[in-house]
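Please keep the model in view while reading.

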Amino acid sequence: MRRVLFVPCLASTLALVLLSGCAGVSVSPSPAIARVLANPARSAADRERDARDKPAEVLALAKFKRGDTVADLLAGGGYYSEILAGIVGPSGKVLLVNNPGYEAFGRKALAERLAGNRLPNVTHVVGPTDALGMGENVLDGAVIVMSYHDLYWVDEKEGWPKVDAGRFLDQVVRALKPGGVLLVVDHSAKAGTGSAEAQTLHRIDEQFTIADFRQHGLQWEAAIPVLRNPDDDRSRNVFDPAIRGRTDRFVHLYRKP
């Protein structure tokens, strides 16, 4: 598989890196991922989602391989977990990791996805957001797809109490092996808004995201523009029918030193 990494343009600030002309690159999807996506055992709903989320291009950035141990963090119904299970193969392992909120959200889809032990290399993990019990130095990689912003969202009525985002991120970093990668996909907020629009629009600012992960010990390594949408002015809630499924999304890769 060929991968073209983003190389930061000798910029002195994160803002310059993100806003300069070298804001992203493309990757070449691997035949291995294409074979996984073509598996006839995948559901029609998952195949429909492929067109929106472009998992072949997104996952090519991380270069997960057979035999890896990878966590799908706040995985909900496990869409990415199933794809990852195919990529890492029988000798690999996927942790499908939910907190109680995401477990409730994904319950129906999970029941169908995991029925009859159809994904034997997937381990289903549920626990408190800040204590998921993933261990230390055990993961070759992890993904968190359109869930990171929820670390900064609070809705007690919906069963989502305030999360200690720092403790969540620290446990993820501890679980990664040295050299392990974290792939992050999320809905982009307007620059300079930090984490504030996670509460109102379910979006998060890229510059804030990079600084957040760096603060917790991860190095920002790459970005690709495959899910960018310049027609999204980032003023609408991501569930607004006018933009749902077509939001401007960033795709970042981080690495544990």
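## The largest pocket

The largest pocket holds about 1,300 Å³ of space. Here a pocket is an open set of points on a 1 Å grid over the protein atoms alone, where a 1.4 Å probe fits, with protein on both sides within 12 Å along at least five of seven lines; lining residues have an atom within 4 Å of a point. Volume is the space filled by probe spheres set on the points, with grid points joined across faces, edges and corners. The lining counts 47 residues, and Arg 49, Gly 77, Tyr 102, Phe 105 and Arg 244 are the closest to the centre.

This is a predicted model: local features need pLDDT of at least 70, side-chain atom pairs count only at pLDDT 80 or more, and totals for chains, interfaces and linings use all residues. Numbering starts from 1 along each chain as its sequence is written, and side-chain values use heavy atoms, without hydrogens or water.

## What lines it

H3, strand E1 (69-73), H5, helix H6 (100-105) and H7 each supply at least two lining residues. H3 gives the most, six residues. Helices (H or I, at least four residues) and strands (E, at least two) are DSSP runs numbered from the N terminus.

By class, the lining has 17 nonpolar, 13 polar and 17 charged residues. Ala, Val, Leu, Ile, Met, Phe, Trp, Tyr, Cys and Pro count as nonpolar, Asp, Glu, Lys and Arg as charged, and the others, Gly among them, as polar.

## Helix H3

Asp 46, Asp 50 and Asp 53 are buried in helix H3 (residues 44-53). They share one side of H3, because they cover an arc of only 90 degrees around the axis. The arc is taken over directions from the helix axis to the C-beta atoms. Ala 44, Ala 45, Glu 48 and Ala 51 are exposed on the other side. Buried means under 20% relative accessible area, exposed over 50%, partly exposed in between (1.4 Å probe, protein chains only).

The buried residues of H3 pack against helix H2 (31-37), helix H4 (55-60), helix H5 (79-88), helix H7 (107-113) and E7. Just after H3, Lys 54 has a positive phi of about 50 degrees.

## Arg 244

Arg 244 sits in the loop between strand E6 (219-224) and strand E7 (249-255). Arg 244 counts as exposed because its relative accessibility is 54%. Leaving aside neighbours within four places in sequence, Arg 244 is in contact (heavy atoms within 4.5 Å) with Val 238 and Phe 239.
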